[in-house]
Each structure stands twice: as structure tokens, then as C-alpha cells.
Amino acid sequence: MYKIIKRLFDILLSLIAILCLSWLLIPIMIILLCTGEHEIFYKQTRIGKGGKPFGVLKFATMLKNSPNMGMGTVTTRDDPRVLPVGKFLRKTKLNELPQLFNILLGSMSIIGPRPMVQRGYEAYNEEVKRCYNAMTPGLSGAGSVIFRDEEYYVSKATDPVGFMRDVIQPFKGNLEVWYYNHRSLWVDFMLIFLTVWVVLFPKSELMYKVFPTLPRKDFDKAVEEFNAKN
């Protein structure tokens, strides 16, 4: 019953969001078409439910060949590959809005684990993969709420790629297992609320009051420890 209601909710909410946000989506599309590399959308292959690949949609915020430049799929703050308009879209998370169409078509959900690139997926242990494979990737979720400014911590590490691999990815795996074990309509609704909340109040710790069992980590300390070892 949970899966049926969740899917109906995804269809309804994505349709309403697309219609209500059309006043914002259309101007963004025009601006992107007239600036940067004149690309509106960026489609990237991600791993979805059952470990199957699918194309996730985003507004184009980086240079076309960015995955083959610099640090590949790892993005730091003030990354030179990010286009001027892209910086604003990424900071406000507006670059994720085209995924509403992924949700409408069923390859994504409003709430779920963030869709992973193949390399990140393969780095997970078998328990995380089992949980991940059982769920539909989400536009937002526990990982999005916790990592509302992931690029900040990555940028502070002496080895951003290594920090992502050794610290952030394992913790994200813990978050996905937590969501798998606690998923419900109430949890989904609260994560939607918290997604908006942390955009308005980035330093808020409200998520830990709402979900006391949510995995927690001091990433400022984690960066210091990582840099000391490397």
C-alpha cells in the first residue's frame, strides 16, 4: 500500500510542481539558452532501482566535457568548470528541478536515495547496494538534507576525490540504509519539509530533532582528521 500511495503522490506532486513552477522553469531555460554553452539540459546516466541505469535530467550548470576534466564527477566550491549562471542554480538547488519530469515518468520519486553514478554505486558495500536497489531514487532525501552544502566540505579537503571516496560516500551509504529501514509516508513528508527548511536555514539542526536516530557526523572534524592523515 505504501508503494502505491507513494507513486500516486509522486505523480500528483510532480504535475502540480511543474505547472506551478513553469513561471520559473521557462525563464531559466531561456537564460541558459542565451548564456554559457547555450545548453539547457544535462542528461547523465545514473543507477536506479534494481541497479539499472537511467538518464537523470538537470539544468546544465557546467562545461559540456566537465566529467572528463578536473576531478571528474567530484565538484568543489568555486569549481572553474561551473558556468556563471550555474553557480546560482547549484547553490539554490534549482538545477535539480528538471528531475520533476523523471519523477512523473517513474524513474525517480520525490523522496528516496539520491541517484548514484556507476563509480559511486560500485563503491558501496553489499548491504547498502541491497537497500539502494530496493528503492526508487529521489529528488531529495536524507542525504540531500544532510549534505545541503557538500561542495563546501569537499573543497576544504587536501584531496577532494579521496575525501569523497573515504568519508562522504560511506556516510551517504549509512543514510540510505537508515532511510530504507525507516521509510514511510510520514518520513517522506517530513523530508520534503526539511528539504525546504535547510535551504532557508542552512545551519539548522532541526533534522536531528525530527529524526533522533538519523546518522550524524561532524564533517568539520572529519576534514581536519582526513587532512592530517593525507
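## Helix 9

Helix 9 covers residues 160-182, and at 1.5 Å a residue its 23 residues should span 33 Å; the end C-alpha atoms are 31 Å apart, which agrees. The expected span is 1.5 Å times one less than the number of residues. Helices here are DSSP runs of H or I with at least four residues, strands are runs of E with at least two, and both are numbered from the N terminus. Helix 9 has a kink of about 35 degrees at I168, shortly before the proline P170. The bend at a residue is the angle between axes fitted to the seven residues ending there and the seven starting there.

## Basis of the values

This is a predicted model, in which local features need pLDDT of at least 70 and side-chain atom pairs count only at pLDDT 80 or more, while totals for chains, interfaces and linings use all residues. Residues are numbered from 1 along each chain as its sequence is written, and side-chain values use heavy atoms, with hydrogens and water left out.

## Overall dimensions

The protein chain has 12 helices and 4 strands. A compact globule of 230 residues would have a radius of gyration near 17 Å, and the protein chain has 17 Å, which agrees. That radius is taken over C-alpha atoms, and the globule rule is 2.2 Å times the number of residues to the power 0.38. The C-alpha trace spans about 50 × 45 × 35 Å along its principal axes.

Of the 230 residues, 45% count as buried. Buried means under 20% relative accessible area, exposed means over 50%, and partly exposed lies in between (1.4 Å probe, protein chains only).

I47 has P53 in strand 2 as its bridge partner. The two strands form a hairpin with 5 residues between them, and G50 in the turn has a positive phi of about 75 degrees.

## Aromatic pairs

Rings of Phe, Tyr and Trp (its six-membered ring) pair if their centres lie within 6.5 Å; planes under 30 degrees apart count as stacked, over 60 as edge-to-face and the rest as tilted. By this rule there are 14 aromatic pairs. One of them is the stacked pair of F41 and F59, at 5.7 Å centre to centre with 10 degrees between the planes. F41 lies in strand 1 (residues 41-47) and F59 in strand 2 (residues 53-59), so the pair ties together parts that are 18 residues apart in sequence. F41 is partly exposed at 37% relative accessible area, whereas F59 is buried at 2%.

The ring centres of Y124 and Y132 are 6.5 Å apart and the planes are at 50 degrees, so this pair is tilted. Y124 is buried, with a relative accessible area of 7%, and Y132 is buried at 0%. Ring pairs also link F147, Y152, Y153, F171 and F219 into a cluster.

## Charges over rings

R183 lies over the face of Y180, 4.2 Å from the ring centre. The charged end of R216 sits over the ring of Y208, at 4.2 Å from its centre. The criterion is NZ of Lys or CZ of Arg within 6 Å of the ring centre and within 35 degrees of the ring normal.

## Residue K93

K93 is in the loop between helix 3 (84-91) and helix 4 (99-105). K93 has a positive phi of about 70 degrees although it is not a glycine. Its relative accessible area of 35% makes K93 partly exposed.

Notes: Two strands pair if DSSP finds at least two bridges between them.
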